[in-house]
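Me: I'd like to go through this structure with you. Could you look at it with me and take my questions one at a time?

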Amino acid sequence: MTGTAIDVVDVTKVFGSEQSGAVRALNGVSVQIRDNEFFTLLGPSGCGKTTLLRMIAGFEEPTTGHILLHGKPIEGLPPHKRPVNTVFQSYALFPHMTVRENIRFGLEMKGVDRTRADARVAEMIALVKLGGMEHRKPAQLSGGQQQRVALARALVNRPTVLLLDEPLGALDLKLRKEMQLELKALQREVGITFVYVTHDQEEALTMSDTIVVMRDGRIQQQGSPTELYERPINQFVAGFIGTSNFLGGALAAAPDGSGRAAVRTDRGLELSGFVTDPEATVAAGNQVTVAIRPERMEVLPAAATTAAASAGWHEVRGTIHQGTYLGDQTEYRIETDQAGEVIVRRQNAAGTGGALGAGPGDPVVVRWHEEANLILAG
């Protein structure tokens with residue numbers, strides 16, 4: 001992934017006019033998408049991710065800014081003349097055509113000769129594991145099989161870039177998880193750039209090489225799944241990708257050379273951790289937020305003996321408000337004096353049913369190591 005497939009340069013998109021109430025869907029967005037990369041645009045509804053995808057596809061044009069494909073501007077180029085294909089959530093299969101005919105359709109539109117078309121269709125059917133189903137129509141296929149047909153139809157023309165607009169949204173949870181793994185494996189096998197749009201953070205974390213988190217038409221953060229989960233740069237990213245406990249406070253000491261800083265929370269807790277945005281300007285007295293992932297916290301019976309005062313551990317006492325059994329984990333909501341309500345996830349050991357020996361109303365100890373503290377500036 002050394003070359004650049006797509007350059008989005010300072011793109012703004014405005015719908016409507018000043019008189020009719022203009023809507024700014026994108027505001028100065030710039031991203032680079034590398035060759036052979038699984039690149040995901042992630043964010044809530046209305047953040048601008050689908051608008052950006054539609055501009056790459058050619059269904060919308062930027063109000064200002066430029067989009068380049070392998071260094072060449074593509075503004076004004078109609079969708080059918082761009083070396084990209086799009087897979088939509090609805091799949092848009094032709095109901096009167098068979099699997100083979102649906103996949104073959106794009107080749108016929110381009111005038112590919114019969115022999116070459118037959119070979120390519122057979123290659124795609126094998127790639128998406130639909131052998132033996134060539135003569136079925138969409139109504140005779142499951143949701144996952146229909147999605148495979150849509151993928152094969154998009155890939156048969158050998159696009160430089162495949163655009164995917166929430167293609168798994170219509171599938172049930174189990175099938176969606178299976179298709180996430182299949183899509184990533186398919187992308188590696190065909191070796192082209194995938195640009196994927198979703199609001200599902202688990203999908204993004206499972207499949208992506210690079211994720212861009214968007215909000216209100218702007219990019220909040222870009223990085224690998226690990227970077228975004230372990231080092232979110234603001235409260236929105238920390239809350240949108242996974243779950244976090246947030247403690248407000250002020251810097252008691254500015255970051256040292258390694259980025260470590262001390263924080264005094266609004267409830268008087270003395271914490272230390274790392275500032276997650278290395279470019280942020282932070283100084284003693286600045287308001288910050290400390291984020292702590294629920295799985296990085298431990299919950300223990302109130303009578304438990306801990307070593308919280310040593311080795312960098314923090315400890316607060318509280319009362320269980322609610323416990324929810326999730327199979328592999330139990331999630332506890334715990335009200336504490338020093339940290340407010342916190343969410344703690346405890347891994348369930350085999351055969352225990354997640355039993356902590358405590359339930360709603362019972363006192364407990366919550367503890368976590370200082371390495372779990374992520375300091376979010378601003």
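Me: In the hairpin of β11 and β12, which residue takes a positive phi?
Reply: That is Gly259, whose phi is near 95°, in a hairpin that has 6 residues between its strands. Please keep in mind that this is a predicted model, in which local features need pLDDT of at least 70 and side-chain atom pairs count only at pLDDT 80 or more, while totals for chains, interfaces and linings use all residues. Residues are numbered from 1 along each chain as its sequence is written, and side-chain values use heavy atoms, with hydrogens and water left out.

Me: What counts as a strand or a helix here?
Reply: Both are DSSP runs numbered from the N terminus, with at least two residues (E) for a strand and at least four (H or I) for a helix. Two strands pair if DSSP finds at least two bridges between them.

Me: ok, and how many bridges join β11 to β12?
Reply: There are 4, and the two strands run antiparallel, with β12 covering residues 260-265. Within this pairing, Leu251 stands opposite Val263 of β12.

Me: Which residue of β14 is the bridge partner of Gly249?
Reply: Gly249 has Val288 as its partner, and Ala250 stands opposite Gln287. Strand β11 (residues 245-253) and β14 (residues 287-292) are antiparallel too, and they pair over 6 bridges.

Me: What do the 5 strands β11-β12-β13-β20-β14 make up?
Reply: In that order they run as a closed barrel, and the pairing in it is mixed.

Me: Switching topic: is Lys13 buried or exposed?
Reply: Lys13, which is found in strand β1 (residues 4-15), counts as buried because its relative accessibility is 10%. Buried means under 20% relative accessible area, exposed over 50% and partly exposed in between, with a 1.4 Å probe and protein chains only.

Me: What lies 2.7 Å from a polar atom of its side chain?
Reply: The backbone oxygen of Glu61 lies at that distance from the side chain of Lys13. Lys13 is also in contact (heavy atoms within 4.5 Å) with several residues beyond its neighbours within four places in sequence, including Val23, Leu26, Met55 and Pro62.

Me: Last one, which residues of α3 are buried?
Reply: They are Ala117, Arg120, Val121, Met124, Ile125 and Leu127. These residues lie on the same side of α3 because they cover an arc of only 160° around the axis, the arc being that of the directions from the helix axis to the C-beta atoms.

Me: And what's exposed on the other side?
Reply: Thr115 and Ala126 are exposed there, whereas the buried residues of α3 pack against α2 (99-109), α4 (143-155) and α5 (173-190).

Terms used: Polar contact = N/O pair within 3.5 Å; in protein donor to acceptor, adjacent residues only side chain to side chain.
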